[in-house]
Amino acid sequence: MPGGRLTQQERQQIALGLADGLAYAEIARRLDRPTSTITREVMRNGGPTAYRADLAHRATERRAHQRRQTAPRGRQAPPQADGRDAEAVREYEESFTTLLMQQGLPKMMSRVLVSLYTTDAGSLTASELVQHLQVSPASISKAITFLESQGLIRRERDERRRERYVADDDVWYQGMIAAARAHAQLAETARQGVRVLGPDTPAAARLQGIARFVDFVGESMIRASEQAREVLYTKAETTSGDTAEPRSD
């Protein structure tokens, strides 16, 4: 699997593939690149409907130039805490951000959330987010307001009375429960259609099937979420290959 940055010719092939309606995986196969590379490239450069090879290439060159200007001269960027590779961490944050964007979260909100998830401290101040993401305080404020309104983060005060933002572990549980409630509402709406259209009609039979399916999925999500909730607060074993699993009791 080839490494290195995408070339201008490869970006042109990506643009052609998108115009032809090809999936990211198919474009990646044709270029012999990881699917994640193509996904990240497209999402960070306008998305599938606005991607342009020439603009994407210039944007990449501009970002590389900015990194060279901010990096210490004559040597690589210093490693992060615990000896982490700074470049590998940056690439991981970009991949995580791209995934959240694919799931519908706006770009800046995704970047802030990823920054909170990947910090050892478990929280960041607004100034720390500004410094880490190299964006304006107004951008951070807007992202924080949105994420808090969605229940994805919470605020707290540290010993210096500074406001800190925390991506609470329990948000994954709450998110699954909220999704289960949405499923329940969908099932109820489908059952209303059965009553309106008449129980013996083909349309009603279709809606009844939807209601049963969505009911089953929603109930399964609630049971699984309740059983697995403690995983969010259980430290994984340090032995290789082991992962924490919920108790069966």
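Q: Which residue is the bridge partner of Arg154 in strand 3?

A: In strand 3, Arg154 has Val166 as its bridge partner. Strands here are DSSP runs of E with at least two residues, helices are runs of H or I with at least four, and both are numbered from the N terminus. Two strands count as paired if DSSP finds at least two bridges between them. Strand 2 (residues 154-157) and strand 3 pass that test with 4 bridges, in the antiparallel sense.

Q: What should I know about the model itself?

A: This is a predicted model, where local features need pLDDT of at least 70 and side-chain atom pairs count only at pLDDT 80 or more, while totals for chains, interfaces and linings use all residues. Residues are numbered from 1 along each chain as its sequence is written, and side-chain values use heavy atoms, leaving out hydrogens and water.

Q: How many helices and strands does the chain have?

A: There are 10 helices and 3 strands. Read from the N terminus, the elements go α-α-α-α-α-α-β-α-α-β-β-α-α.

Q: In what order do the strands form the sheet?

A: The order is 1-3-2, in an open sheet of 3 strands with antiparallel pairing. Strand 1 and strand 2 are at the edges with a single partner strand each, so one side of each has no neighbour in the sheet. From one strand to the next, the twist averages 40°. Have a look at the other pairing too: strand 1 (residues 123-125) meets strand 3 (residues 163-166) over 3 bridges, again in the antiparallel sense. There, Ser123 stands opposite Val166.

Q: Where is Gln134, and is it buried or exposed?

A: Look in the loop between helix 7 and helix 8 (137-149) for Gln134. Gln134 is exposed, at 66% relative accessibility. Gln134 is not a glycine, yet its phi is positive, about 55°. Helix 7 (residues 126-133) also holds Ser127, which is exposed at 53%. Ser127 and Pro137 are 10 residues apart in sequence, with their C-alpha atoms 7.4 Å apart in space.

Q: How many residues of helix 3 are buried?

A: Helix 3 (residues 35-43) is mostly covered, with 7 of its 9 residues buried. Among them are Thr37, Ile38 and Val42. Arg40 belongs to helix 3 as well, and it is buried, at a relative accessible area of 13%.

Q: What does Arg40 touch?

A: Touching means contact, that is, heavy atoms within 4.5 Å. Leaving aside residues up to four places away in sequence, Arg40 touches Glu91, Glu94, Ser95 and Thr98. For the chain, take the contacts with a separation of 6 or more: 53% of them join residues 24 or more positions apart. As for burial, 31% of the 249 residues in the chain are buried.

Q: What span does helix 10 reach from its first C-alpha to its last?

A: The expected span is 1.5 Å times one less than the number of residues. Helix 10 (residues 202-228) has 27 residues and reaches 39 Å, close to the 39 Å expected.

Q: Which residues of helix 10 are buried?

A: They are Ala204, Ala211, Val214, Gly218, Met221 and Ser225. Helix 9 (171-197) is part of what covers them. Gln208, also in helix 10, is partly exposed at 26%. Between Gln208 and Arg195 there are 9.9 Å in space, C-alpha to C-alpha, and they are 13 residues apart in sequence.

Q: At what angle do helix 9 and helix 10 pack?

A: Helix 9 and helix 10 pack at about 160°, with axes 8 Å apart. That makes helix 9 roughly antiparallel to helix 10 (over 145 degrees is roughly antiparallel, under 35 roughly parallel, 65 to 115 roughly perpendicular, and the rest oblique). The crossing of helix 9 and helix 10 is left-handed, where the near helix is turned anticlockwise from the far one by less than a right angle.

Methods. Buried < 20%, exposed > 50% of the residue type's maximum accessible area, 1.4 Å probe, protein only. Axes fitted to C-alpha atoms, helices over the stretch in contact; angles between N-to-C directions.
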